[in-house]
Each structure stands twice: as C-alpha cells, then as structure tokens.
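Please look through the model shown here slowly, one part at a time, and keep it in view while you read the paragraphs that follow.

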Amino acid sequence: MVCGSGVESFAESAGPFGAGAVFVADDERLAAPLPQPRVDVLAALIREEGFDIVLFAQSVLAADVAAGLAARLGAGLNWDLVDVAETDEVLVGKRPALADSVWVDVGWTSSPRLALFRTGAFEPVERGGSAEVRTVDVVLEEHSLLAQLVEPAVAEQSGPSIEDADVVVAGGRGLGGPEGFAQVEALADALGGAVAATRAVVDAGWYPYSAQVGQTGKTVSPKLYVAVGISGAIQHKVGMQGSGTIVAINKDPNAPIFDYADLGVVGDLNEIVPALTSLVGRRKSG
Amino acid sequence: MKPADFPPPWSDGDAIAAPSDSEPIEVGVLVVGAGPAGLAAAIRLGQLAASDPKGAARLGEVPVAVFEKGKAPGSHLLSGAVIDPGPLQRLLEGLRDPGDMPSYGEVPGESVLFLTAGRAVPLPIPPTMRNNGNLVVSLSRLGRWLAEIAEEAGVAILAETAAEKLLVEEGRVVGVRTGDKGRGRAGEELGRFESGSDVRAQVTILAEGTQGHLTAAALGRFGLAGSNPQTWALGVKEVWKVARPQRQVIHTLGWPLRSGAKFREFGGSFIYPMGGEMATIGMVVGLDYRDAELSVHDLLQELKTHPRIRSIFDGGERIAWGAKTIPEGGFVALPRKFSAPGLLVTGDAAGFVNVPALKGIHYAVESGRLAAEAAWASVARDDDLDGFDRALRKSFLWSDLRQVRNMRQAFARGLWRGSALAGLATVTKGRFPRDDRATERDAEQSVLTSARSSSYPAPDGRLTFDKLSSVYLSGNRTRDDQPNHIRLATRVPAELAELWSRMCPAQVYETGVVGDDGLVEIELSSSNCVQCGAITAKGGRLTPPEGGSGPEYTLT
C-alpha cells in the first residue's frame, strides 16, 4: 500500500521485491504527513478487501496511523516486532524485551491483526516479478481534514553542530556559572565555531546535554579545540583527544588538561577569553 | 553531629509495591543478582530440575531466571579474593572439573605485616587468617564462568535488568518489578523509554549482595531483622600488571590507618598475586570511622608510597580499579530469619561474612545452594521455606560465624586492645567473651575532623591516581541524563558534606555553596557512581540506576 501525493510512480517498483499487488492512494490531501486521512483510506481498503494481516514499517507517522487504525477497526496491534511466523496456523510475532536480551512471542486475539516492525528488521530481497497496481478511491471523513500542516520545521540550532564544526570552544566549571558561557559563545562566534560543554557543567544545568563532550557525551575531532576553564579529567579527554590543535585556558597550572594540550595558557579566563575574542574579531575584519 | 541526623528522603517501603494490572512475565524461581550466591542457587536449581522432570514442570516455561543490574554477569562483582573453594567444588560436582575453575592458583605463601610510615614488621599469622589450600581468584571472572554454567543448566540470565521493587500480595512476595529504562534527568520519558515489567515468581531469592535495597525493605516488611544493626567496611582495590612476579599473599595492618580508639579506624590492606604478570592491592576500612577527611581511595594511594609496597608496584601499570562495601557485622548482626512467604535471602545480602578470616564467597555459595534446595522443596513438594532457616543453622557457615562473633566489635577500642581481645576470642574458639557484643550503625558515629587529608599523596598518574581516573578504569560509562539514583539529604553541615565527598571513591559528591542557614548544598554526579554502597552505610540510600549502568568490572 502506497499513500501520499505524487507517489503513484513508486508503486511498480515494489513488484521485483515480491509484491503481487500494490494499492495506491494518490491524492493531494495525503501530501502532509498526518495520520487521520491515512486511517480513513486504510480502514476502507481493509474492510472492502477483507484483509486479515496489516504490517507497517515503524516510524512516527506509521505508529500514529497503526494506532488510529486499531481503534477504528477494534483491532489488536503489536509493535516493535522483528519477525513474524505462522505456527500451527497461528500468527506469532517476535518482540525483543528487557534491553533486547529476550524475545517475547506475541499473538493477536482478534482480527484484523496489525503489527509495527522495527525498521531494518528485514533485508529487502530482489527476486524479479511485477506488481499489479490498483488505484484506491480516496474518500475522507470530514473530521479527518480538520488537522492541517501549517509549516514544516526542522530542529533549529545556531551555528554548526559540535560534531561537524572545524572549531569547537568548550566551557567547563571554571566559568563559574551559566552566565560564563556568554564569553564562550562570543569566542565561538568570532572563530565561526560551535560551543561544547563538559559533563560537570551540563550536570549543573549550565548548558544543554546536547553540547556535552566526553566519554558519556559526544566525541568531537575539530581542527581547533579551545578548552576554557576545563580541568580535563580523562572522561573529558576521551571525547576530544582526536582534535587537531588543543588550546587550554585554565588558572590551575596542575590541571590535567595541560598534559595533553598543544598550547596552554595559565591565567584568568575572564581576562583572556574577551581579549582573545576581540583579537580574533579585529584580525578577521582587518 | 552524626550522619544519621540527616536521613535521606527514603523509606524502605518505597521498594515494595503491589503487583500492577499489566500482564506479568511468569517465571518459576526468580533470583535477584548474578553473584556467587545467586548463581550457586541458579545452578543448583538447574541440577534439581534436570533430575526431576515432574517437579520441574511445576516451575513453568521459564523455570529459573536471574536478574543482573550490571551490563553482564560479573560486571558488578568485586572482591579480594582468596577463596575457600570447597563449597563451590561440591556444588559443581559432576558439572565441571574443579581444575577448570578460573583462578590464579593456590595461595603460594603468606605474610601479615604491621606497617609504620617507614617500616614493615612481620607478625605471626593469626589462625583465622591462614589460607592453606585456598585459591586466589578474580570474583568478576569467577562470576562470568558460573553464569555460563548456569545458562547451560537452563537458567535464563537477564543482564541490564534492575530489580526495583519487591512485589508483595497478601503478605507474600510474588516477584519483582524491574526498573524503567530511558527516563531523562527529571524522570521524563525519552525516545528510548521502556517501561519496567512485573515479573511473578513462585519463590524469589534475594542475592543482591552488599547493600541490596530490596533486602533492606524485605527485612523490615517481614520483621526478619536481627537485634543488632548491620555494619559495613569499604574496600577499594586496583589490579596491576607488575614488573616482577609477586610471590606471596600479603595482608597489612597499621599505617596509614591510625590506631587511636577515638578515630575508630579498623581495617588493613591486601596484596595478592594474580599469576606471574598481575597482582592486586586493596585497602579496606570499617565505615564506623569518624574522620570527615578519611578517604579509602586516597589511603590506598598513600599505602602504595610505603617503601615495602612501592617496591612491588614500581615499574608496573594499573589496569583495573573498583570499590565495594563488605558487610562486617558478622553473626550478631545477622537477620533473625532468612525466609518469608515466597522469599529467601542469601550471601552478602544476608551478611554472611567472616571478618577475621576475610571471607564470605564460600558462604555465599553455600547459602545460595541451600536456598535453591528450599525453593525446590517448596515448589515441588509444597514444603515450607522455613527449611532454609533450619538448613543454615546446621551448616558450617553458622558455626564458623558464631565462633568469631565478637571479634570485629573488639576493635572499636582501638587496634591494640582490639587485637588482644580478638586473640582471646580466638584461643577460646569464641567462648570469650561469653555474651554477644552489640554493633552500632555506621551512620550513628559522630563526625570529627583532623588534618587527615594533608598527607594524601598528589596523584602522579603512575603510582598514585585521582578518583576520576579510577572511575574511568572501572569501565563506568553510565548514561548521564538519567534520574539520580542516590537518595540523600542535600542540605547538610559542611563536615558531613566533607565526609561524604571524601568517603566516596568515585567522586559522586561535591560540596556546593553555603546557604544563609550555614548548611551546604551537596552536588551529585550520580553517573560516576560505581554502586559500592558506602553512602547507604553512612546516611544515604543507594538504589539501582537504570539497568546496565555502573562499572564494568572484568578483573576485580
């Protein structure tokens, strides 16, 4: 089953992978990734054709559609399956549980039987053949059109991500508080880089977890890594030791980071960082 | 001021729940904890089930399941360890050749040294500490091996699974609820959220080891606790590749601990050979100590700077590190009863440790085996679980522990008087002193401060190390953005904040800002935690974090 707008051309390509028939619901009203219109189309098709088993590849949209369909048809839904087999004429799904350490056999007590499969659970196998393409009438309930897509948006972030950036400026506990990150951001801006943080400051709530570099955060390897107020415990080191040039600014000359920095500055970051930021700014504009 | 004045926001009842409405997973016997006690119980149950298919049918489709909160069996196992292999060999009779047991061989020879800052004086070996015929092992390795044997016996071992609540229904333990996974810092459900499940069992065997939070809850709920509180010691150990083979088992007393009675510093160190290439060194100190600046991690670092000890490790490389508490209360602090309806308590969870002999693993194995037999009798023949209590009292572990019941308490009077009293107790086989000497809760010891920390060596990264490097070597990669699993009063006097931050070998606690009321805020880095349990002894409560968190020990 293919649902969407301008999707008819995909239908035939399912043939070589084993589909005998492909149903196509191609309609402008199915363009937005909204579940309710799809529930209408699928419910009508399943009733009309009398299908007993309906399988979905798991995604946010598919989970929405499957759940809505289960409610509409009074059907059972098993999710997160990685396999399905017929044993003694009973359909049995396999679902990993307890951190994938055991496989649970799951079944259905009513019909139709709905299931969501983990993406990647099956390898597509091309074995030739062609599919009969059958067009489905798109009849939508009025209430199904009440939700509308206003605007698609992607998660925004300012500047490059820390994993892709050529320059990363990272702040640690030496900044003294969340307000200290203003200096780090200014320096990162001037250098055209991204801002990272140590676990200690993320723990303290000074900066978001998504910026955490280290053993339990992200691993980065920019060309230039500037560590501001970071002592440099091994948990931090393993997340950034692949960086090209490591510059450390810290007031404690015994901080471990000086053992592996290429360039170390012992001093007050509140003086050094603003001076460095304005110097970089002047060089750039000059 | 004492730690107990600032109790954690926790009551043992928090670890008990009624079964939920969702459909449970059903198992025959559920074992909590894949340590020597739990795996011995599982292996014995596997044997019994194989010998009696009719009885086994009553256990259902999953006859025996073991929950392990670590990444794998052995991940959270840590001990010295010199073990008495007898009970394990009896357990494995017919399953394995005793020679297959992973060990570093028999104790080749031993000495006990009394240390001063510069000297090491050999002492006669106390009879309780003699190790003829005993084996040096890594308990983590031994645990992995036992887990393989258990799996061959048909046992399901579920790692990365925290047993969060004990399920109690109509006065009977009916299983365990596993912990949720994939919650964020504030408890919110993240994308990978996976809800915990009710797991129902006909019998639940608690083999949680030291400081089990279900065990604590069960002892309270079913009135099993004895008349004396349990006490603990904290052990911190390292495994080294050594430049020269270490040929002897060494135990030390004295320096860097202080002998004065007011400090209550009872403990010592061990150095064991692990084949020709490796050796392990550990420092163990009773958690009834009083000095806010005492840090077992740093005492271990200091110990290595002693000329006699340094000569063993110089030129070597530290390859593993870990920490764990040891129940030290002994016989007088044992529970009154080890069973309740649907429930059995074994091993370190029950407190089966012989402090003067520095041993508990063989008692864990024996109590696990006896628990399996009681569970089997209950399932296959509807016998009462009380049979476990009777079997324990007839076992060698009971008479062993009874004989040494007052030795540890004697050391509350300082090293010298303690040694004299312990000596008397030894020669009279425990008949002196006649009465049981009480224990006091570790958290009830008032806190004092001295300049103890001034002599801790600065870490040089070769012989001596800081705590964060140690945590790294434990293999701990705990997800940071999960809820804090440590229950603790977080606004406390500065001395108590100091005590906790120095005590913790994994740098979980840091002293924050001082408030207007003179109390300081404790800042927690709970993902550093290696789940040693010291905080529970000293006024907090360790609960299990998300399954799979914590250290990943392999050689400890």
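A residue is called buried if 20 or more other C-beta atoms lie within 10 Å of its own. The model is a predicted one, and with this cut-off in hand we can begin with strand S3 of chain B, residues 64–67, where both faces are covered. Val64(B) and Val66(B) are buried on one side of the strand, while Ala65(B) and Phe67(B) are buried on the other. Behind this pattern stands a general rule, namely that in a regular strand the side chains alternate between the two faces of the sheet.

S3(B) also has partners in the sheet. Strand S2 of chain B, residues 25–32, pairs with S3(B) in the parallel sense over four bridges, and in this pairing Leu30(B) stands opposite Ala65(B). Strand S8 of chain B, residues 156–158, likewise pairs with S3(B) in the parallel sense, here over three bridges, and Ala65(B) stands opposite Ala156(B) of S8(B).

Seen as a whole, chain B has 16 helices and 25 strands. Its radius of gyration is 22 Å, close to the 24 Å that the globule rule gives for 556 residues, so chain B is as compact as a globular protein of that length. The C-alpha trace of chain B spans about 65 × 60 × 45 Å along its principal axes, and buried residues make up 56% of the 556 residues. Among contacts in chain B between residues at least 6 apart in sequence, 79% join residues at least 24 apart.

Gln211(B), in the loop between strand S13 and helix H5 of chain B, has a positive phi near 60°, and Gln211(B) counts as buried because it has 24 C-beta neighbours inside 10 Å. Gln531(B), in the loop between strand S24 and helix H16 of chain B, has a positive phi of about 55°, and with 27 C-beta neighbours inside 10 Å Gln531(B) counts as buried too. The peptide bond from Gly80(B) to Ala81(B) is cis, with omega near -5°, and Ala81(B) lies in the loop between S3 and strand S4 of chain B.

Turning to chain A, we find a division into domain 1, residues 2–145, and domain 2, residues 167–285, whose C-alpha centres lie 49 Å apart. A cis peptide bond, with omega near -5°, leads from Ser111(A) to Pro112(A), and Pro112(A) lies in the loop between strands S7 and S8 of chain A.

Just after H4(A), Gly192(A) takes a positive phi of about 70°.

Finally, we come to the place where the two chains meet, a contact that takes 14 residues from chain A and 18 residues from chain B. On the side of chain A, helices H5 and H6 are the elements that give two or more residues, and the largest share, three residues, comes from H5(A). By class, this side of chain A has eight nonpolar, four polar and two charged residues.

Conventions. Residues numbered from 1 in each chain as written. Chains lettered and ligands numbered in written order. Predicted model: local features only at pLDDT ≥ 70, side-chain atom pairs only at ≥ 80, totals over all residues. Buried ≥ 20, exposed ≤ 12 C-beta atoms within 10 Å, placed from the backbone. Pairing = 2+ DSSP bridges. Contact = placed C-beta atoms within 7 Å. Nonpolar A, V, L, I, M, F, W, Y, C, P; charged D, E, K, R; others polar. Domains from an automatic or database assignment. Rg over C-alpha atoms; globule rule 2.2 N^0.38 Å.
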